[in-house]
Amino acid sequence: VLPILIAAHAAYAFTFINFKGKEVLFALIVALMVVPLQSALVPVVRGLRTINELSGLKLIGTYPGAWLVHSAFALPLAIYILRNYMLSLPTALIEAARVDGATYYQIFWRLVMPMSVPALASFAIFQFLWVWNDYLIAFIFLPNNPVMTYRILLMMGQYGAGWQDVAAGSLISLTIPLLVFFSLQRYFIRGLTAGSVK
């Protein structure tokens with residue numbers, strides 16, 4: 001939810017609001033998509049430790065810390081996808097709302113967000129699956145609060161024994177992503193094909 005909310009606001013600003021340096025800032029955000037998570041883990045951990053030392057806010061070993069890391073690495077792709085979708089929205093409708101006296105905030109919540117539901121749902125599916133299947137961030141940032149993927153790994157014995165327990169646990173953990181995908185499937189198809197046919 002966190003990256004989708006932030007990315008929707010940012011994509012709206014990059015699409016409909018003119019400000020100085022907009023294209024350079026958007027190019028910088030797109031460039032951040034190529035930064036691999038593994039190469040940024042050490043600076044992220046050091047940054048979270050610094051935050052802990054300065055403010056006393058403990059983020060390592062807690063769920064909010066993992067949420068922040070997942071959200072930060074999801075934002076560039078989310079902004080890119082949502083901005084490209086919002087470019088396909090009818091600008092005449094936005095201009096008509098502006099002429100009628102609607103503020104940027106009203107246009108965003110009453111026009112752009114309802115029309116962007118397919119793109120938002122498509123990215124929500126992707127983000128949910130990435131976070132659900134993630135092992136690395138859960139292993140590093142939540143060592144004392146293991147998530148399901150880590151618990152399933154702990155079922156494996158020292159010499160590979162217990163693979164049947166891992167297979168059963170994996171099958172059970174697969175049910176929630178399938179439920180999410182099938183409940184949002186109609187939005188997913190619309191979000192993927194949006195803008196392909198005029």
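This report walks through the overall build, the nonpolar cores and the aromatic pairs of a predicted model.

## Overall build

Let's start with the big picture. Along the principal axes, its C-alpha atoms fill a box of roughly 70 × 45 × 25 Å.

Of the chain's 198 residues, 33% count as buried. The protein chain exposes about 12200 Å², with 68% of that coming from carbon and sulfur atoms. As for contacts with a separation of 6 or more, 72% of them join residues 24 or more positions apart.

## The nonpolar cores

The largest nonpolar core holds 26 residues, and the members touching the most others are Tyr12, Phe16, Leu82, Met86 and Val112. Which elements give two or more residues to this core? They are α1 (2-16), α2 (22-31), α4 (63-87), α5 (91-99), α6 (104-115) and α7.

Skip its neighbours within four places in sequence, and Val112 is still in contact with Tyr12, Phe16, Met86, Leu89, Ile94 and Ile107. Another core lies apart from the largest one; it has 10 residues, including Leu37, Leu59, Val69 and Leu142.

## Aromatic pairs

Now for the rings. A pair of aromatic rings is described by the distance of the centres and the angle of the planes. With ring centres required to lie within 6.5 Å, the count comes to 12 aromatic pairs. Take Phe108 and Trp109: their ring centres are 5.1 Å apart and their planes sit at 75°, so this pair is edge-to-face, because anything over 60 degrees goes in that class. Phe108 is buried, at 2% relative accessibility, whereas Trp109 is partly exposed, at 36%. Both belong to one aromatic cluster, together with Tyr12, Phe16 and Tyr105.

Is the pair of Phe128 and Trp132 stacked or edge-to-face? Here the centres are 5.6 Å apart and the planes are at 25°, so the pair is stacked; the cut-off for that is under 30 degrees. Phe128 and Trp132 are 4 residues apart in helix α7 (residues 117-132), which means about one helical turn separates them. Phe128 is partly exposed with a relative accessible area of 26%, and Trp132 is also partly exposed, at 23%.

## A charge over a ring

One more ring to look at is Phe26. The charged end of Arg83 sits over the Phe26 ring, 4.1 Å from its centre.

Definitions and conventions:
Residues numbered from 1 in each chain as written. Predicted model: local features only at pLDDT ≥ 70, side-chain atom pairs only at ≥ 80, totals over all residues. Heavy atoms only, no water. Phe/Tyr/Trp six-rings, centres within 6.5 Å; stacked < 30°, edge-to-face > 60°. Buried < 20%, exposed > 50% of the residue type's maximum accessible area, 1.4 Å probe, protein only. Lys NZ or Arg CZ within 6 Å of the ring centre and 35° of its normal. Core = buried A, V, L, I, M, F, W, Y, C linked by side-chain atoms within 4.5 Å. Contact = heavy atoms within 4.5 Å. Areas by Shrake-Rupley, 256 points an atom, 1.4 Å probe, with all protein chains shown as cover.
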